[in-house]
Amino acid sequence: MAEWRAKAKAHDWSLRETVIALGPQRGHVGTPSGLADKFAHFVRHGAVDGFNVTPYLIPDGLDDIVDLLVPELQERGVYRTEYTGTTLREHLGLREPLTHRSAPDRRQAG
């Protein structure tokens, strides 16, 4: 802890800046525009094909993602603006589910 305090003091970092600079790098921190640039880079270079985004603060952080980050990603063309179907199956391009056997067939099998 003393090492963190010394670095923060030497750089005149706020608590937030200290956490960003010295904390574990398990996520991404930044402005919506900066994050969108970073994520778009990942998409364009084939590093990712989608996003799982969890806000640091819940529920307020969800509003920031929806209202600020998603539009930035859409503007860069790396996040859809509309869906291709009405079900998750259609969005993922999966085939229709198999139909169930009719009632008489089940009785005969049993």
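**Overall.** I am working from a predicted model. I counted the elements to begin with: the protein chain has six helices and zero strands. Read from the N terminus, the order is α-α-α-α-α-α. I then looked up burial and found that 14% of the 110 residues count as buried. For contacts between residues at least 6 apart in sequence, I noted that 34% join residues at least 24 apart.

**Helix α3.** I took residues 32-44 next, which make up α3 with 13 residues. From first C-alpha to last, α3 reaches 18 Å, close to the 18 Å expected at 1.5 Å a residue. Which residues of α3 are buried? I found Leu35, Ala36, Phe39 and Ala40. Looking down the axis of α3, I see these buried residues within an arc of 135 degrees, so they line one face of the helix.

**α3 against α4.** What do the buried residues of α3 pack against? They pack against α4. I listed the residues that meet: Pro32, Ser33, Leu35, Ala36 and Phe39 on the α3 side, and Leu68, Leu69, Glu72 and Leu73 on the α4 side. I looked up the geometry of the pair and got an angle of about 40 degrees, with the axes 9 Å apart. That angle makes α3 oblique to α4, since angles under 35 degrees would count as roughly parallel. The crossing of α3 past α4 is right-handed.

**Arg76.** I moved on to the loop between α4 (60-75) and α5 (88-91), where Arg76 lies.

**Asp12.** My last entry concerns the loop between α1 (2-11) and α2 (15-22), which holds Asp12. I checked its backbone and found phi near 55 degrees, a positive value in a residue other than glycine. I also looked up the accessibility of Asp12: the relative accessible area is 68%, so Asp12 is exposed.

Conventions:
Residues are numbered from 1 along each chain as its sequence is written. This is a predicted model: local features need pLDDT of at least 70, side-chain atom pairs count only at pLDDT 80 or more; totals for chains, interfaces and linings use all residues. Side-chain values use heavy atoms; hydrogens and water are left out. Helices (H or I, at least four residues) and strands (E, at least two) are DSSP runs, numbered from the N terminus. The expected span of a helix is 1.5 Å times one less than its number of residues. Buried means under 20% relative accessible area, exposed over 50%, partly exposed in between (1.4 Å probe, protein chains only). The arc is that of the directions from the helix axis to the C-beta atoms. Contact means heavy atoms within 4.5 Å. Axes are lines fitted to C-alpha atoms, for helices over the stretch in contact, and angles run from 0 to 180 degrees between N-to-C directions. Angles under 35 degrees count as roughly parallel, over 145 as roughly antiparallel, 65 to 115 as roughly perpendicular and the rest as oblique. A crossing is left-handed if the near helix is turned anticlockwise from the far one by less than a right angle, and right-handed if clockwise.
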